[in-house]
Amino acid sequence: MVIRTTIYPNFLFSEWALFVYYFISLEYLKRFEKHIFICENERPAEHPRGCCNDKNSKVIREKFKTRLKELGLNSIIRANGSLCLDACDFGSTIVVYPEQIWYGAVTANDVEEIIHSHLINNKPVERLLINDSRFNQDDIK
Ligand code: FES
């Protein structure tokens, strides 16, 4: 059975429902304005790719969580640990969404700058950007 709406007669009901779902989910159900994923992947010491866990990524994630809470930003900016982000050569690796900014060689000492420059003032921290077009686009470097 095909149901057509009266507003857009050529628009099938299922397409209309999908459109409404996307509109609601994008505009009204958006839980966080930014989401930071911090790779905490662990590999054996002899693994050739290494891992972010060996570069203190759990400390970095904890510091993000603590500082975002202290600054009252944890309801709009979420920091999550993740498994491998496939940027192992650049670890410790983090990525910030929705803008898809990738940072490499991040340390706990960089957290404050990322929060204030990028997360609060929307200015990515250039010195930490992964300098590889597979991650960051040329126009933000
Ligand atoms: S282990 Fe961190 S990006 Fe792969």
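Which residues touch the most other members of the largest nonpolar core? They are Ile38, Phe64, Ile94, Trp102 and Tyr103, in a core of 22 residues. The model is predicted. The protein has 3 helices and 4 strands. Along the sequence they follow the pattern α-β-α-β-β-β-α.

**Overall figures**

- The protein has 141 residues, and buried residues make up 23% of them.
- Take the contacts between residues at least 6 apart in sequence: 54% of these join residues at least 24 apart.

**The nonpolar core**

- The largest nonpolar core holds 22 residues.
- At least two residues of this core come from each of strand 1 (34–39), helix 2, strand 3 (94–97), strand 4 (101–103) and helix 3.
- Helix 3 gives the most, with 4 residues.
- Phe64 is among the core residues that touch the most other members. Setting aside neighbours within four places in sequence, Phe64 is in contact with Ile36, Ile38, Ala79 and Val111.
- Ile38, one of those Phe64 contacts, is likewise among the residues touching the most other core members.

**Helix 2 against helix 3**

- Helix 2 spans residues 57–70 and helix 3 spans residues 111–120.
- Their axes come within 9 Å and cross at roughly 45 degrees. The two helices are therefore oblique to each other.
- The crossing of helix 2 past helix 3 is right-handed.
- On the helix 2 side, the contact is made by Ile60, Lys63, Phe64, Arg67 and Leu68. On the helix 3 side, Val111, Glu112 and Ile115 take part.
- The contact residues divide into 5 nonpolar, no polar and 3 charged.

- Leu119 is in helix 3. Leu119 counts as buried because it has 23 C-beta neighbours inside 10 Å, and the cut-off is 20 or more.
- Beyond residues up to four places away in sequence, Leu119 touches Lys34, Ile77 and Ile114.
- Leu119 and Leu68 are 51 residues apart along the chain, with their C-alpha atoms separated by 9.8 Å.
- Lys58 is in helix 2. With 16 C-beta neighbours inside 10 Å, Lys58 counts as partly exposed.
- Leaving out neighbours within four places in sequence, Lys58 is in contact with Glu40 and Asn53.
- From Lys58 to Ile38 the C-alpha to C-alpha distance is 8.2 Å, across 20 residues in sequence.

**Backbone points to check in the loops**

- A cis peptide bond joins Gly91 and Ser92, with omega about 0 degrees. Ser92 sits in the loop between strand 2 (77–82) and strand 3.
- The peptide bond from Tyr97 to Pro98 is also cis, with omega near 15 degrees. Pro98 sits in the loop between strand 3 and strand 4.
- Asn56 is not a glycine, yet it has a positive phi of about 65 degrees. Asn56 lies in the loop between strand 1 and helix 2. Asn56 is partly exposed, with 17 other C-beta atoms within 10 Å.
- Ala105, not a glycine either, has a positive phi of about 55 degrees. The loop between strand 4 and helix 3 holds Ala105. With 13 C-beta neighbours inside 10 Å, Ala105 counts as partly exposed.

Methods. Residues numbered from 1 in each chain as written. Predicted model: local features only at pLDDT ≥ 70, side-chain atom pairs only at ≥ 80, totals over all residues. Axes fitted to C-alpha atoms, helices over the stretch in contact; angles between N-to-C directions. Parallel < 35°, antiparallel > 145°, perpendicular 65-115°, else oblique. Left-handed = near helix turned anticlockwise from the far one by under 90°. Contact = placed C-beta atoms within 7 Å. Nonpolar A, V, L, I, M, F, W, Y, C, P; charged D, E, K, R; others polar. Core = buried A, V, L, I, M, F, W, Y, C linked by C-beta atoms within 7 Å. Buried ≥ 20, exposed ≤ 12 C-beta atoms within 10 Å, placed from the backbone.
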